[in-house]
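This report goes through one protein model, from its overall make-up to selected side-chain pairs.

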Amino acid sequence: MSQMQPLKKPPGFKDPTIPIQMPPRKVNLPPSFNAQKKKNRSCCCRCFCCCFLIILILLLLLVCACGLFYLWFDPKLPVFHLRSLEFTKFNVSESQDGQRLNAQSTLGVELKNPNVELKIVYGDTRVDLKGESDVNMGAGEVVGFVLENRKVKVVKFVMKSNELLYDDSIGKLIMNGFKNKNLRVSVDVSTDIGVGYKGWKSWKIRVKVSCGSLRLKQIENGATPKCGITLFNWFDLN
């Protein structure tokens, strides 16, 4: 038996199961729209270029002003010296938590302004006194002040400590060192400094000062070591 041939579809026949696909419709924008878009883009580019040039000019002017300021005034950093340290109270006592250091002292730090015309403006200044094994032996603070050009000033800090000692051997160590004057101490100063000329004052920058480890007997004998200044992560021995 011969196989039946499928019927041919008549011309123009459309299968209803196949969705009708419409060709994409092209939207013709008016010429004025494209022109406005290009104009806006051009305006943005011009504004960006103008802002960049203005910022560049301001930076150049700032650099030139700083250079002229440095050449004219030749600014110098202040000089710090550890001048004196006197204890009015120093003992180690027992408490419920363990041994405690009870100490009171007066610390003198000498500040020198080496600038010929510029005064140095100090913000609030804090001093920390450390002993053996980094024991906190007191902290003090003074409010901001101004040191005139070519002037020297000794700033006194009243220090107090009620430090809990983490080891009983530390208490014995620092008491023996205090009695025989071999106790080593170090001083850390934290402050903000700026410069001024007549009625003008600059902004302040953070400064940390470290006065190296000294024995009590050295300080009592008149040793006045120069302290190092840390400024912008740069160490200066002055």
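## Overall make-up

The model is predicted. The protein has 3 helices and 12 strands. Of its 238 residues, 31% count as buried. Among contacts between residues at least 6 apart in sequence, 67% join residues at least 24 apart.

The accessible surface comes to about 16,800 Å². Carbon and sulfur atoms account for 59% of that surface. A nonpolar surface patch is formed by Phe 48, Phe 52, Leu 53, Ile 54, Leu 56, Ile 57, Leu 58, Leu 60 and Leu 61. Together these residues have about 940 Å² of accessible area. One of them, Phe 52, lies in helix H1, which spans residues 31-73.

## Salt bridges

The structure holds 6 salt bridges.

| Asp 97 | Arg 100 | 3.6 Å |

In the pair of Asp 97 and Arg 100, Asp 97 is exposed, with a relative accessible area of 57%.

Glu 220 counts as exposed because its relative accessible area is 51% and the cut-off for exposed is over 50%. Lys 181, at 27% relative accessibility, is partly exposed.

Asp 192 lies in strand E8 and Arg 206 in strand E10 (residues 205-215), so the pair ties together parts that are 14 residues apart in sequence. Asp 192 is partly exposed at a relative accessible area of 24%, and Arg 206 is partly exposed at 47% relative accessibility.

## Cysteines

How many disulfides does a search of the whole structure find? The search finds 1 disulfide. In general terms, a disulfide is a covalent bond between the sulfur atoms of two cysteines. Here the bond is formed by Cys 211 and Cys 227, with their sulfur atoms 1.9 Å apart. The torsion about the S-S bond of Cys 211 and Cys 227 is about 95°, so the disulfide is right-handed. The pair links distant parts of the chain, with Cys 211 in strand E10 and Cys 227 in the loop between H3 and strand E11 (228-231), 16 residues apart. Both Cys 211 and Cys 227 are buried.

Cys 49 is partly exposed, with a relative accessible area of 44%. Cys 50 takes part in no disulfide, and the nearest cysteine sulfur, that of Cys 47, is 6.5 Å away. At 45% relative accessibility, Cys 50 is also partly exposed.

## Arg 83

Arg 83 is in strand E1, residues 79-94. With 33% relative accessibility, Arg 83 counts as partly exposed. The side chain of Arg 83 makes a polar contact of 2.3 Å with the side chain of Glu 110. Leaving aside residues up to four places away in sequence, Arg 83 touches Gly 108, Val 109, Glu 110, Val 154 and Thr 224. Arg 83 and Lys 226 are 143 residues apart along the chain, yet their C-alpha atoms are separated by 9.5 Å.

## Asn 113

Is Asn 113 buried or exposed? Asn 113 is buried, because its relative accessibility is 1% and buried means under 20%. Asn 113 is located in the loop between strand E2 (99-112) and strand E3 (119-122).

The side chain of Asn 113 has a polar contact of 2.9 Å with the side chain of Asn 115. A polar atom of the Asn 113 side chain also lies 3.2 Å from the backbone oxygen of Leu 147. Leu 147 is one of the residues that Asn 113 touches, not counting those up to four places away in sequence.

Definitions and conventions:
Residues are numbered from 1 along each chain as its sequence is written. This is a predicted model: local features need pLDDT of at least 70, side-chain atom pairs count only at pLDDT 80 or more; totals for chains, interfaces and linings use all residues. Side-chain values use heavy atoms; hydrogens and water are left out. A salt bridge is a side-chain nitrogen of Lys or Arg within 4 Å of a carboxyl oxygen of Asp or Glu. Buried means under 20% relative accessible area, exposed over 50%, partly exposed in between (1.4 Å probe, protein chains only). Helices (H or I, at least four residues) and strands (E, at least two) are DSSP runs, numbered from the N terminus. Contact means heavy atoms within 4.5 Å. Accessible areas come from the Shrake-Rupley method with a 1.4 Å probe; for residues, only the protein chains shown count as cover. Patches are made of residues with over 30% relative accessible area and no salt bridge: like charges are joined within 9 Å, nonpolar side chains (Val, Leu, Ile, Met, Phe, Trp, Tyr) within 5 Å. A disulfide is a pair of cysteine sulfur atoms within 2.5 Å. A polar contact is a pair of N or O atoms within 3.5 Å; within protein, one must be able to donate a hydrogen and the other to accept it, and residues adjacent in sequence count only if both atoms are side-chain atoms.
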